[in-house]
Amino acid sequence: MCGIIGYNGVKNAIPIVINGLKNLEYRGYDSSGIAYFLQDKVKIIKEKGRIKDLESILDSSKPTLCIGHTRWATHGKPSRENSHPHQVGMITIVHNGIIENYASLKEKLKDEGYLFQSETDTEVACALIDSLYKKNKNKLEVFEDVKKILKGSYAFLILFADEKDTIYAIREGSPLIVATSSIGNFVASDIPAILEYTKNYYLLLEGEIAVIKQDSVHFFQDKKEIQKELLTFQFDLASAKKDGYSHFMLKEIHEQPTVIQNFLEYYLDNLELIPDISLYEKIHIVACGSAYHAGLIGSFLIEKYGDIEVEVFIASEYRYKKNFLNENTLVIFISQSGETADTIACLRLAKSYQAKTLGIVNVVGSTIAREADQVIYINAGCEIAVATTKAYTLQVLTTSLLAYKLGLKTGLIQDSEKILSDLKKLPDEIQKILSIDYEKLAKKIYKKHDIFFIGRLLDYYLSEEGSLKLKEISYLHSETYPAGELKHGTISLIEDKTPVIAVLTDESIYEKTISNIKEVKARGAYTIGIKRESLEVEENIFDDVIEIANLNDLAISPLAIVPLQMLAYTVANLLGYDIDKPRNLAKSVTVE
Ligand code: F6R
């Protein structure tokens with residue numbers, strides 16, 4: 001979390017850094033700040049709140065070198081004191097990540113005479129660098145010491161008061177790119193920060209140091225200069241702009257037909273790019289949040305068509321439990337960003353047990369993409385809204401293709417033509433579902449306090465995702481239950497007009513869910529169905545129903561999730577919330 005950017009070039013650096021911060025705001029947005037050289041001193045301007053609050057206190061300076069930060073608070077509440085940049089002695093820094101051993105370091109640094117203004121771990125790292133630099137003026141040696149002393153994850157941009165023309169960057173565990181352009185050089189947490197100026201960038205790898213001057217960039221590892229490959233970002237600026245939509249989330253929901261079409265054209269023509277995973281004794285899928293929900297669908301499909309045991313785990317749990325891994329286990333890691341701290345930790349854990357690893361990732365060159373034995377890129381393009389939509393859909397579709405390929409081998413898929421034809425119908429069917437008027441339905445639930453989602457198997461996994469979407473952007477409390485489980489306790493919460501949203505796509509089990517819908521309806525629930533059109537239900541089962549096309553289970557989930565995404569969006573919009581930047585959240589969860 002947190003977004004950082006530095007610019008060293010020929011133009012006024014402040015608007016460039018502010019603009020970059022706005023494009024990184026999805027990473028954190030509770031306070032922000034910048035630092036630049038003014039005469040012989042480093043000047044810091046920072047403020048609690050959004051970047052617009054920072055803009056309102058900027059002065060008319062026009063430096064050509066500047067660093068900036070947009071924060072997602074970890075250590076210490078959002079406040080001016082806790083905002084970055086932090087400055088101690090000769091050093092000014094911005095930081096993304098968490099320093100785990102900051103408390104003990106702080107005590108040692110206090111003994112050296114350092115005083116601290118903030119509650120942050122970053123200020124401690126800043127004091128540490130200052131302390132080391134006082135003793136040794138060789139900056140590369142100082143950075144090597146910093147790497148040895150600090151525990152945790154960090155990407156730092158560092159200004160030294162005695163070197164006015166340089167930005168230093170170090171990375172360990174948190175992402176950084178370094179970009180070059182005709183107007184100067186950049187360093188940033190992610191590509192959207194710099195996309196208006198250049199598509200050429202270097203990926204800073206673990207432990208590497210970048211020295212960014214106005215007209216050159218140099219890279220070091222273990223104090224030795226290294227050469228790095230200049231990469232080109234494939235997507236254009238339009239993918240990082242709203243394009244007339246009121247929110248990125250709405251734009252990204254509407255991009256789904258196109259990204260799915262591109263995905264299917266690419267992977268169905270190159271099915272060899274989808275690995276054959278039939279040889280493993282068991283498969284684990286590990287992920288967080290929506291990616292975990294995609295994994296649940298994947299596990300169902302892989303077990304059904306591949307006839308292999310699959311278990312799905314939340315990464316923050318998996319990393320601390322016994323997992324019985326060996327070289328015959330495949331562990332699949334699903335991650336949009338490829339930088340989720342818990343998922344990365346599990347990947348490294350799995351590798352330490354010689355398990356084979358496969359990443360399903362969106363961000364090209366991200367840590368999971370680089371470190372997994374194999375990677376399938378979902379190619380969703382930039383996803384800016386904090387609540388994932390198009391990346392989730394493509395994660396689900398990727399697991400469908402893994403299952404499809406397995407099913408051809410096991411013989412559990414016999415009518416492959418029908419499956420392919422259903423998959424190819426997805427873009428058009430999603431387009432139809434997008435044109436429904438969701439406001440009418442949203443108005444019936446947006447003032448409610450508790451909303452329930454139910455379904456069985458695939459429909460339960462889809463419900464989990466629908467409920468998460470609603471919670472994270474509309475702040476309405478909602479719960480998801482396997483439909484058969486309600487009567488074991490939760491049904492006591494159903495009151496007159498409590499909304500219950502049921503997902504029914506699975507022909508083999510939907511009648512069981514219908515019985516559960518009758519149970520809640522008998523207790524006064526207001527029922528909404530997301531239903532496959534061919535499934536027959538009695539007329540009065542649903543108060544409202546959205547019907548979706550009759551597709552095979554390898555194809556239907558990316559369609560069935562769309563009404564739930566749109567419903568969540570429309571409810572949040574009616575409530576007037578900041579949909580792309582929901583409170584307390586950040587897009588890329590790079591801390592544990
Ligand atoms: C919810 C959402 C999160 C992410 C989760 C994992 O809308 O976006 O739940 O799915 O934080 O992130 P990645 O996929 O980047 O590992």
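View 1. An N or O atom in the side chain of Glu472 is 2.5 Å from an oxygen atom of the ligand. A polar side-chain atom of Lys469 lies 3.0 Å from a ligand oxygen atom, and a backbone N or O atom of Thr388 also lies 3.0 Å from an oxygen atom of the ligand. The protein buries 89% of the 410 Å² that the ligand exposes when taken alone (Shrake-Rupley areas, 1.4 Å probe). In total, 14 residues surround the ligand (a heavy atom within 4 Å); the closest are Ser335, Gln336, Ser337, Thr340 and Glu472. The model is predicted, with local features needing pLDDT of at least 70 and side-chain atom pairs counting only at pLDDT 80 or more, while totals for chains, interfaces and linings use all residues. Residues are numbered from 1 along each chain as its sequence is written, and side-chain values use heavy atoms, with hydrogens and water left out.

**View 2. The largest pocket.** This pocket holds about 730 Å³ of space (a pocket is an open set of points on a 1 Å grid over the protein atoms alone, where a 1.4 Å probe fits, with protein on both sides within 12 Å along at least five of seven lines; lining residues have an atom within 4 Å of a point; volume is the space filled by probe spheres set on the points, which are joined across faces, edges and corners). Cys288, Gly289, Ser290, Lys587 and Val589 are the closest to its centre among 35 lining residues. Elements giving two or more residues to the lining include helix H8 (289-306), strand E18 (329-335) and helix H15 (458-474) (DSSP runs, helices of at least four residues and strands of at least two). Because domain 2 (240-414) and domain 3 (437-578) both give residues to the lining, the largest pocket lies between them.

**View 3. The second largest pocket.** Its volume is about 490 Å³. Of its 34 lining residues, Asp190, Ile191, Phe233, Val363 and Val364 are the closest to the centre. Strand E11 (200-203) and strand E15 (231-232) each supply at least two lining residues. Domain 1 (3-233) and domain 2 (240-414) both contribute to the lining, so the second largest pocket lies between them.

**View 4. The largest cavity.** The structure holds 1 cavity of 30 Å³ or more (a cavity is a set of grid points from which the 1.4 Å probe cannot get out). The largest cavity has a volume of about 80 Å³. Its lining includes Met1, Trp72, His84, His95 and Asp121. Strand E6 (91-99) and helix H4 (121-135) each supply at least two of the lining residues.

Notes. Domains from an automatic or database assignment. Polar contact = N/O pair within 3.5 Å; in protein donor to acceptor, adjacent residues only side chain to side chain.
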